[in-house]
Amino acid sequence: MRTSKAFRTPTVDPMARLSTPASHAPFLGTILAGALVGLVPMLIIAATGSSASDSAWVGALIAVIIAGMRFSWLMTVPDRRLFEMVTWLFVYVFLGIAPLVQLRGYGAPSTTPNVDFSNAWTAIAAVIVFEVLLILGAVLAPSRIELPAARPRTIDPVRVYLWTALLLSMGAAYIALIGLGAIWGPRVWRGAVVWRTFGDPLVAQIVEALVSVGLLTVIVAQVLVMRDGSAAWRSTRRVVVFFSALMLLTIVNPVGSPRYVFGVIVLGLLAVMGAYSSLLKYRATSILALLSLAFLFPVLDSFRYSTASAIEFSDPLPQFASPDFDAFAQLINVVEYVNDVGPTLGWQMVGVLLFWVPRAFWPSKPVDTGVLIANYKGYAFSNLSAPLPAELLINGAFLAVIVGAVALGVFLRRWDTSNELQLKKTGVPTLLGCVLPFYLLLVLRGSLLQAMASLSVILAVSALVTSRSDRRT
């Protein structure tokens, strides 16, 4: 009986099999789990001594154990779960380790003063419920996905290079308007120049999204076209990729750009360059990403106010109580808000879904959840995060956390399954699979309203550079 192309067994590279033997996975998982759920929290508890003023740190320890075990387990499975990996990377560092350090005596970050730690147990409960149901959602998700009957979308080279030309032109105009001095200057200065140049905040967000994650998306598409196309135009396409990447890394740089955005750009470029082409590379890159988020991420904040600041590596514990790690403090503030005012019953989510409506036409449009909570607490500084559990909690109390966590777990598993099919075929993720898993960091950090402009640009550019294929599966 003849075997159809759709079900033909893919050729397996014997060297790839040798480089990631299955017997190494349990050993790696055991060592990693021992470090993440044993050594790291033990060192934190030992270093803080008896300074803990709230027993809620025990709950934070449980959250660390759940997140650390799940992340470690993801490093042992035989498929590359990029979406889940990024999610648990965030949860472990920002909703596990940071709360443990803060509750062991370091207190809330300076940008979120007067946090009512009597609500800490409720906030920790929200984190643990979110973690457990996120796992449940992944377990409940189907392990196989049905291919759609409709024609699949494929990357259209003509569209890719039309949008490349458009976005490169926008990038050049952006550099001319903002100036290289501001682009490579302190982030606060650059932000002020951007707002002053574009006036309307929504316009500024969309323009910045187009010349950052939008340009990243077309670069990924360029590389995928180059990999699948004939060798005739390969040299020319490499030149286009090089200059596109050069412009992107000029606009999004480690000095003047938000660190989350710079991280998304770097991880996206690594993905299309083959950083996840084997299980060994996937595991190594994932562990390095975890270490970078925990230790290198706060160091890059040295350039927020001045490029002359010296980068200093010191005791790592105080950094987990710095403004970078305000997620847990904001979750506590949301608990206080819900107890005092009540949940918004989806009103904040309405603002997220209708983010594209200018505030001039809708004066009562909901503000970012981070801003809402800052105003509620009377903070002078309002550029605060609102992690996804806090967004769910403020919209619909614990019921929203339960439903949202299960749904997210299902979607993450399905996206990873689809992505793995492409990784097995080509060694690189899908177009969206090279960008969205890492942009998920910004979605998880929140506020959701703040993350929507760039997310919409990624989805729109991805749709605009693809077309319906004549091939049917």
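Val203 lies in helix H9, which spans residues 201-228, and in this predicted model it counts as partly exposed, with a relative accessibility of 39%. Although Val203 and Trp356 are 153 residues apart in sequence, their C-alpha atoms are 9.7 Å apart in space.

A second pair of this kind involves Ala327, whose place is in helix H13. Ala327 and Leu388 are separated by 61 residues in sequence and by 9.3 Å in space, C-alpha to C-alpha. Ala327 counts as buried, because its relative accessibility is 3%, and, when neighbours within four places in sequence are left aside, Ala327 is in contact with Phe94, Leu95, Ser385 and Pro387.

**Overall composition and confidence**

The secondary structure of the chain comes to 18 helices and two strands, and buried residues make up 52% of the 473 residues. Among the contacts that join residues at least 6 apart in sequence, 79% are between residues at least 24 apart. The chain exposes about 21500 Å², of which carbon and sulfur atoms supply 68%.

The average pLDDT of the chain is 83, and 85% of the residues score at least 70. Over residues 1-21 the pLDDT is below 50, and this stretch has five contacts in the model beyond near neighbours in sequence. The pLDDT is also below 50 over residues 147-151, a stretch that has eight contacts in the model beyond near neighbours in sequence.

**Core and aromatic contacts**

In soluble globular proteins, nonpolar side chains tend to be buried together. Here the largest nonpolar core has 140 residues, and those with the most contacts inside it are Phe71, Val93, Phe130, Tyr174, Tyr276 and Tyr439. Helix H4 gives the most to this core, with 17 residues. For Phe71, once its neighbours within four places in sequence are set aside, the contacts are with Leu32, Leu36, Met85, Trp88, Leu89, Ser286 and Leu290.

The structure holds 11 aromatic pairs. One of them is formed by Phe83 and Trp415, whose rings are tilted, with 5.3 Å from centre to centre and 50 degrees between the planes. Phe83 lies in helix H4 (residues 82-106) and Trp415 in helix H16 (residues 388-426), so this pair ties together parts that are 332 residues apart in sequence. The two partners can also be described by their accessibility: Phe83 is buried, with a relative accessible area of 6%, whereas Trp415 counts as partly exposed at 42% relative accessibility.

Ring pairs also link Phe90, Phe94, Phe320 and Phe325 into a cluster; Phe94 from this cluster is among the residues in contact with Ala327.

**Backbone features in the loops**

Most residues other than glycine have a negative phi, and most peptide bonds are trans. Against that background, Asn114 has a positive phi of about 60 degrees although it is not a glycine, and Leu345, likewise not a glycine, has a positive phi of about 55 degrees. Asn114 lies in the loop between H4 and helix H5 (120-140), while Leu345 is found in the loop between H13 and H14. Both are exposed, as the relative accessible area is 64% for Asn114 and 73% for Leu345.

Thr344 is also found in the loop between helix H13 (327-340) and helix H14 (347-353). Leaving aside neighbours within four places in sequence, Thr344 is in contact with Tyr337, Ile394 and Asn395.

A cis peptide bond joins Gly446 and Ser447, with omega at about 5 degrees. Ser447 lies in the loop between helix H17 (436-445) and helix H18 (448-464).

The accessibility of several of the residues discussed is gathered below.

| Residue | Relative accessible area | Class |
|---|---|---|
| Ala327 | 3% | buried |
| Phe83 | 6% | buried |
| Val203 | 39% | partly exposed |
| Trp415 | 42% | partly exposed |
| Asn114 | 64% | exposed |

Note on methods: Residues are numbered from 1 along each chain as its sequence is written. This is a predicted model: local features need pLDDT of at least 70, side-chain atom pairs count only at pLDDT 80 or more; totals for chains, interfaces and linings use all residues. Side-chain values use heavy atoms; hydrogens and water are left out. Rings of Phe, Tyr and Trp (its six-membered ring) pair if their centres lie within 6.5 Å; planes under 30 degrees apart count as stacked, over 60 as edge-to-face and the rest as tilted. Helices (H or I, at least four residues) and strands (E, at least two) are DSSP runs, numbered from the N terminus. Buried means under 20% relative accessible area, exposed over 50%, partly exposed in between (1.4 Å probe, protein chains only). A nonpolar core is a set of buried Ala, Val, Leu, Ile, Met, Phe, Trp, Tyr and Cys residues joined through side-chain atoms within 4.5 Å. Contact means heavy atoms within 4.5 Å. pLDDT is the predictor's confidence in each residue, from 0 to 100. Accessible areas come from the Shrake-Rupley method with a 1.4 Å probe; for residues, only the protein chains shown count as cover.
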